[in-house]
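Reader: I'd like to learn how to read helix packing and aromatic contacts in a model. Could you walk me through an example?

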Amino acid sequence: MNLSIEVLNYGLQLSMEFGKNWLKPINERLEIKFPNLNKRQQEECNLICKRVHQIAHNYVAENPIRSDSGVEFVAFNQFKQFILTKYNWLSTANLQRLYSQSCYYASK
């Protein structure tokens, strides 16, 4: 991977936007902040961010905690431990938001 931690975290932040940019590729928006990235690097970042979403969402959805009060989501600390073993570059803010979005999608 030849992308910096700053680029990856910014890309992930863009990929989690709701509203008009929801589920849209991040390439053009990434280019505004990082004009030195070439098209291949922009697409690599876009694909990495999609993969992070997929793994995070699947982990939360596939690891419910069952109790007498129903089904709850895996604890944040367990999620954090799992996801950081795969993507240790995640910022604290992106990690928290990714968890929140994963819980949201798992509830749907």
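This is a predicted model: local features need pLDDT of at least 70, side-chain atom pairs count only at pLDDT 80 or more; totals for chains, interfaces and linings use all residues.

Reader: Let's turn to a helix pair. At what angle do α4 and α5 pack?

Author: Two values describe such a pair, an angle and a separation. Here α4 (residues 76-86) packs against α5 at about 115 degrees, and their axes are 11 Å apart. The two helices are therefore roughly perpendicular to each other, since angles from 65 to 115 degrees fall in that class. As for handedness, the crossing of α4 and α5 is right-handed.

Reader: Which residues meet where α4 and α5 touch?

Author: On the α4 side they are F76, F79, K80, I83 and L84, and these meet L95, Q96, L98, Y99 and S102 of α5. Sorted by class, this contact has 7 nonpolar, 2 polar and 1 charged residues.

Reader: How many aromatic pairs does the whole structure have?

Author: A search of the whole structure gives 8 aromatic pairs. To read a pair, look at the distance between ring centres and the angle between ring planes. Y59 and F82, for instance, are stacked, with 3.9 Å from centre to centre and 5 degrees between the planes. Y59 belongs to helix α3 and F82 to helix α4, so this pair ties together parts that are 23 residues apart in sequence.

Reader: Is Y59 buried or exposed, and what about F82?

Author: Y59 is buried, at a relative accessible area of 13%, while F82 counts as partly exposed at 23% relative accessibility.

Reader: How far apart are the ring centres of F79 and Y99?

Author: The ring centres of F79 and Y99 are 5.2 Å apart, and their planes lie at 50 degrees, so this pair is tilted. It links distant parts of the chain, with F79 in helix α4 and Y99 in helix α5, 20 residues apart. F79 counts as buried, at 0% relative accessibility, and Y99 counts as buried at 13%.

Reader: Which residues form one aromatic cluster?

Author: The members are Y59, F76, F79, F82 and Y99.

Definitions and conventions
Residues are numbered from 1 along each chain as its sequence is written. Side-chain values use heavy atoms; hydrogens and water are left out. Axes are lines fitted to C-alpha atoms, for helices over the stretch in contact, and angles run from 0 to 180 degrees between N-to-C directions. Helices (H or I, at least four residues) and strands (E, at least two) are DSSP runs, numbered from the N terminus. Angles under 35 degrees count as roughly parallel, over 145 as roughly antiparallel, 65 to 115 as roughly perpendicular and the rest as oblique. A crossing is left-handed if the near helix is turned anticlockwise from the far one by less than a right angle, and right-handed if clockwise. Contact means heavy atoms within 4.5 Å. Ala, Val, Leu, Ile, Met, Phe, Trp, Tyr, Cys and Pro count as nonpolar, Asp, Glu, Lys and Arg as charged, and the others, Gly among them, as polar. Rings of Phe, Tyr and Trp (its six-membered ring) pair if their centres lie within 6.5 Å; planes under 30 degrees apart count as stacked, over 60 as edge-to-face and the rest as tilted. Buried means under 20% relative accessible area, exposed over 50%, partly exposed in between (1.4 Å probe, protein chains only).
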